[in-house]
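User: I have a model open here. Can you walk me through it?

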Amino acid sequence: MVSYHLKPFTIFGPSPSPKCCIIRPETERGLIFDVGDTFFRQESATGRDLAVLSAAIYKKSHNALRVLDAMCGCGVRSLRYLVEADADFVLANDANEDCGKIISGNLEKAGRERKSWLVTHSDATRVFAECFLKRDYFDLIDIDSFGSESSFLRDAMRAVKLNGLLYLTSTDGFTSGGHRPQHSLAAYGAYIRPTPYSNEIGLRMLIGGAVREASVLGYHVVPLFSYYSFHGPVFRVMLQVRRGKLPKNRHYGFTSYCTKCGNSGEVSWTELGQISCSCSNVCLTTYHSSRFACCFRAALDRASPLCSLSSRDSRFGWGMGLDLQWNWERS
Ligand SMILES: C[S@@+](CC[C@H](N)C(=O)[O-])C[C@H]1O[C@@H](n2cnc3c(N)ncnc32)[C@H](O)[C@@H]1O
Ligand SMILES: [Zn+2]
């Protein structure tokens, strides 16, 4: 196993008793764990379900699964990756050292026979950078971050295997709602203005930010699913990282919204400056206030079936009413 200089908190020891005095047992999909006073939201269960399903599909397809749970909180995802997705190894990291005993106590529940895991406490960016420098790549990197934090994106892409998965989160409803355009510009390269479909824009903004960072490294990302939840709000996207830049940036452009008639459209980079709406036939930027945002443009519901797994699969004792079919392209 690769060693980390990340102040690893505990490895393979006997189950420690939680340090914090608060014991808060929770149950999710039949697994019992303790959340103590770590950050935990029951409402995020569906987001975790989707991640576990993706990981299980990946494992079935690749026969290997190493997961980096970069901001793991109490470690519930790490536990679920080990137990439900049959991960071979999980690196459970959280910058907050106070989470340590809770995390390792929970991961002990996965059993030690076939399971391997490590708990570390470091800034996620540092973990990604160290993994990259050690050429210790992961099949799935899960980043359950707060707000519109995006500074770690490029380092995370360096630490994921080619054709591996990156699970990203944004919880910044102000930014997706177009109320902090300078902020969305800095975080995701998208100047977001208010639109009637801000939830969708929030997902496209997040994917667009990843497209931009991947492009710098000579990669492109393919969205496997996107998920918006009103609590938070929370925007989650599962991306596959592939070699090669996005061809002709055809999925990376602008969304226009006409404030006069409410029409929306797609605008490519080469069409900037010629934006018009059928309600006026006059260039929108000069006639009345148009709103357009640079973001990911392709359909978000596209999926091609190669490998499929239903969430009602008998291996899982729970169901979300979703049947998922995704394509794992191996280039
Ligand atoms: C949303 S909570 C994680 C919840 C957990 N993934 C779950 O599903 O229950 C975010 C966690 O990230 C940790 N965190 C925040 N910034 C971090 C950073 N830069 N690097 C590593 N961990 C960080 C926080 O301590 C917190 O526990
Ligand atoms: Zn119009």
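Analyst: Let's begin with contacts. Of the protein's contacts with a separation of 6 or more, 64% join residues 24 or more positions apart. Two residues are in contact if their C-beta atoms, placed from the backbone, lie within 7 Å. This is a predicted model: local features need pLDDT of at least 70, side-chain atom pairs count only at pLDDT 80 or more, and totals for chains, interfaces and linings use all residues. Residues are numbered from 1 along each chain as its sequence is written, and chains are lettered from A and ligands numbered from 1 in the order in which they are written.

User: What's the mean pLDDT of the protein?

Analyst: The mean is 81, and 77% of the residues reach 70 or more. pLDDT is the predictor's confidence in each residue, from 0 to 100.

User: Where does pLDDT stay under 50?

Analyst: Residues 283-292 are one such stretch, with 32 contacts beyond four places in sequence. Residues 320-331 are also below 50, with 28 contacts beyond near neighbours in sequence.

User: Switching to Phe33. Is Phe33 buried or exposed?

Analyst: Phe33 is buried, because 23 other C-beta atoms lie within 10 Å. Buried means 20 or more such atoms within 10 Å, exposed 12 or fewer, partly exposed in between, with C-beta atoms placed from the backbone. Across the protein, buried residues make up 45% of the 331.

User: And what does Phe33 touch?

Analyst: Leaving out residues up to four places away in sequence, Phe33 touches Glu26, Cys74, Val76, Leu79, Asn106 and Lys109. Cys74 is 41 residues from Phe33 along the chain, yet their C-alpha atoms are separated by 8.5 Å.
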